[in-house]
Structure formats: C-alpha cells, structure tokens
Amino acid sequence: MGAVVVRAPLRVALGGGGTDLPSYYREHGGLVVSSAIDKYVFMTVSARFQSRFVLKHLEWEEADHPGQVRHPILRAALAHHWEGGPVELASVGDAPPGTGLGSSGAYAVCAIKALAELSGRSIDAPELAEAACHLEIELVGRSIGKQDQYAAAFGGVRAYSFRPDGGVDARELELSDDTRAALRDEFLLFFTGRRRSASQILGGGQDESALHRLKQLAGETCAALEAGALDRLAELMHEHWEAKRRRAPGTVTQEMDELRERALAAGARGVISLGAGGGGFLLVYSPEPERTRAALDATELAFGLDEVGATALR
C-alpha cells in the first residue's frame, strides 16, 4: 500500500476529568463527558523505498529499528503495532501539545490507526481506544487517564463510563440542534499561554473527595446537556472549577483565575480549565461571544464539533 493519511480529533472535556485514572475508577468507577472537536492530529505514513525509519514530528529523527526511536509513543507504536520494514512518518497538529485538548491521546490513536491502515488491517473504535490506552499507560508508563484516547477514537459528544473491571461504555449524548449550535457558537477556547505535563500533575496526590464530586458533576452535566439547560450547565462549570482546584495542587494558577474573572465580567456564564490544569486552554461559555472575545487579551482557537472520530483520509 502507498502512503496513508489519518487524523484523530482533539477534545474538550466538560466534566469528570480525573475519574478516568486507573487509580480511581478501579475502586470507584469513573465518568467523563467530553466532546471531540474539529481540530486534529494528522499523520502520514509510507513504507515505500525506505531503508531506515524516518520520523518527522516536533523533531526529525532516523533509526534502524523501532527500539532506537526517541519519541516514546512512536517507539511503542512501531514496536507493538507494526510488523513491516522501515517507514517514513510525518505528523502535525492543529494545537500545541500539553495544552489540555488531549493531544497525546489523539497522537497515540493516530499512530496506531495509521500503522493498521498501512498493514491493510481494519480496527474499530473500541479496539483502537483500548490499544492507545495500553500504549500510553502500560507501555510508555504515563500517569494519565483514558478519556483522551476514547474521545479521539470515537468522536462525538459522549459520556464515558469507566468500570472497575477496566471496561468502558461510550454513550453518545442525545442533543438538540439548539444545544449543538450553542456548543459550536457560544463555547470559546482561549489559550492561557502556558503548557504543562498532564502526567506530572496527575502523578501527584489527588483529593479523593474532589474526584467523587467531579464524577457527580459529570453526570449532572450530561443531564443538563441533554435537557438543553445551558444555564444549569453554567452553574456546573462554576462547581467544576472549584472541585478541580481542590483535586490537586497546581491545577488552577493565578493567571487562570484572572482570565476567568475577566471572562465572567464580560458576559461569560461559566469557565472551566481543560486537561489536568496548570495552564493550557480554558473553555468559556458565553451567550455574548463577541463581547467576551473583545475583553480577553488571549489567543482563541475557534472550533466546531467532530462526529466521526479517528478517520483514514486516504
């Protein structure tokens, strides 16, 4: 087969972050609600005329075998999901890594799907998501959860239930056209200007009572979204902000608090931090988006919804 091109969506988490960590859901079960967005990780892979592995990501590297690859996700993906010879691989993303949009999980999903497509093998969303979770958590050894890989593999606006036995249920939320339009038009992404390592933040101590509340908030968020109750959703975003602050040190910085206050003073109803916190993107719900945009001195990433998840483009 010639070159294949695959994309996997980034995501915005709307509630329950942290309850997808194995240390939590294996004892209590977890629940996360998130939406895949139309911002992506793209990957092109070709096995034609290659004498060495040539990998183009944030760096350029060449290797004679997968064990020499420096990029941890690509090294594990090539070692465990590729049985052919050397490949040339290039990747690019619509947002920088370490900013709370699930780029690492999307990258792992993209790599596994691209190599499967190149081998002529089909892989469905549940298998793809679990393979990416195993790669990042077990093979690479990152202290992260499972929601990002599932959001990238499945797409859509979904509730993900993480069972103590390791199983995952992915339920697509039943949203009205008005609610979908609001998610596209009245929810805004602003970059705080700071990147961080989710693994380092999540690897520290976690307040279990805050995680219990975050799981409850995820369930209430699902109900509010399916009822089209955006005022209630805004209230839940406030509660989510405070629960996340209690969850672990460093999740909410002074800069994030200041940006949130400016947004609320300029018409926003609710603000939540994405990913592990400590920087990255803030998701702002504002029925007055132009007023809020004008008041914030921050870079915005405009987005829509992705409905299909990881996809081979050719």
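Student: Hi! Over how many bridges do E3 and strand E5 pair, and in which sense?
Tutor: Hi! In this predicted model, E3 and strand E5 (residues 88-93) pair over three bridges, in the parallel sense.

Student: Okay, and what does Lys56 stand opposite in E5?
Tutor: Lys56 stands opposite Ala90 there.

Student: What about E3 and E4: do they run parallel or antiparallel?
Tutor: Strand E3 (residues 53-56) and strand E4 (residues 60-63) run antiparallel, joined by four bridges. In E4, Glu61 is the bridge partner of Leu55. The two strands form a hairpin, with three residues between them.

Student: Nice. Switching to helices, at what angle do H9 and H10 pack?
Tutor: Helix H9 (residues 230-247) and helix H10 (residues 254-265) pack at about 170°, and their axes are 13 Å apart. They are therefore roughly antiparallel to each other.

Student: Which residues meet there?
Tutor: From H9 you have His238, Trp241 and Arg245, which meet Met256, Asp257, Arg260 and Leu264 in H10. By class, that contact has three nonpolar, one polar and three charged residues.

Student: New topic: how many cavities of 30 Å³ or more are there in the whole structure?
Tutor: A search finds two. The largest holds about 40 Å³ of space, and its lining includes Val12, Ser35 and Phe303. That lining has seven nonpolar residues, one polar and no charged.

Student: And which element gives the most to the lining of the second largest cavity?
Tutor: H9 does, with three residues. Among the lining residues are Leu236, Met237 and His240. The volume of the second largest cavity is about 30 Å³, and its lining has five nonpolar, three polar and no charged residues.

Technical notes: Residues are numbered from 1 along each chain as its sequence is written. This is a predicted model: local features need pLDDT of at least 70, side-chain atom pairs count only at pLDDT 80 or more; totals for chains, interfaces and linings use all residues. Side-chain values use heavy atoms; hydrogens and water are left out. Axes are lines fitted to C-alpha atoms, for helices over the stretch in contact, and angles run from 0 to 180 degrees between N-to-C directions. Angles under 35 degrees count as roughly parallel, over 145 as roughly antiparallel, 65 to 115 as roughly perpendicular and the rest as oblique. Contact means heavy atoms within 4.5 Å. Ala, Val, Leu, Ile, Met, Phe, Trp, Tyr, Cys and Pro count as nonpolar, Asp, Glu, Lys and Arg as charged, and the others, Gly among them, as polar. Two strands pair if DSSP finds at least two bridges between them. On a 1 Å grid over the protein atoms alone, a cavity is a set of points where a 1.4 Å probe fits but cannot get out, and a pocket is an open set with protein on both sides within 12 Å along at least five of seven lines; lining residues have an atom within 4 Å of a point. Grid points are joined across faces, edges and corners, and a volume is the space filled by probe spheres set on the points.
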